[in-house]
Amino acid sequence: MSIMYGWKFQCATTTCLPYSTDIASNILQCQTNCLAHVQCKAASFHQSNFTCQLFDSIPNQNNTLELTIGSVAMMVVSGTRIPS
């Protein structure tokens, strides 16, 4: 996964809203939650409230990233999920 500390996914349209929001005790658990779901393409972990948002679609990462202290944005790198 590609990990970007200090960023979160912020979407203004319904095409990139999270399909799941869960509680995760740490970034590794959030990352594992995303990799466990084939439809997950990206995730945001928020350290302040331990929430993990899973996304199945990120149309343009440059337009959907927002600088946020205490957040981590992660994107699945194509072809690296085992099993695919």
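## What covers helix H1?

What covers the buried residues of H1? The cover includes strands E1, E3 (42-46), E4 (51-55) and E5, with contact taken as heavy atoms within 4.5 Å. Helices (H or I, at least four residues) and strands (E, at least two) are DSSP runs, numbered from the N terminus.

Before going on, a word about the model: it is predicted, so local features need pLDDT of at least 70 and side-chain atom pairs count only at pLDDT 80 or more, while totals for chains, interfaces and linings use all residues. Residues are numbered from 1 along each chain as its sequence is written, and side-chain values use heavy atoms, with hydrogens and water left out.

## One side of the helix

Let's look at H1 itself, which spans residues 27-35 and has Cys30, Gln31 and Cys34 as buried residues. Buried means under 20% relative accessible area, exposed means over 50%, and partly exposed lies in between (1.4 Å probe, protein chains only). The three residues sit on the same side of H1, because they cover an arc of only 100° around the axis; the arc is that of the directions from the helix axis to the C-beta atoms. Here is a handy rule: an α-helix has 3.6 residues a turn, so residues three or four places apart point the same way.

At the start of the helix, Asn26 places a side-chain oxygen within 3.1 Å of the backbone nitrogen of Leu28.

## Two disulfides

How many disulfides does a search of the whole structure find? There are two, each being a pair of cysteine sulfur atoms within 2.5 Å. Such a link is a covalent bond between the sulfur atoms of two cysteines.

Another disulfide joins Cys34 to Cys40, at 2.0 Å from S to S. This link is left-handed, with -100° about the S-S bond. Cys34 and Cys40 are both buried.

## A single salt bridge

The structure holds one salt bridge, meaning a side-chain nitrogen of Lys or Arg within 4 Å of a carboxyl oxygen of Asp or Glu. Its partners are Lys8 and Glu66, at 3.8 Å from N to O. They too link distant parts of the chain: Lys8 lies in strand E1 (residues 2-9) and Glu66 in strand E5 (residues 65-75), 58 residues apart.

Key
Polar contact = N/O pair within 3.5 Å; in protein donor to acceptor, adjacent residues only side chain to side chain.
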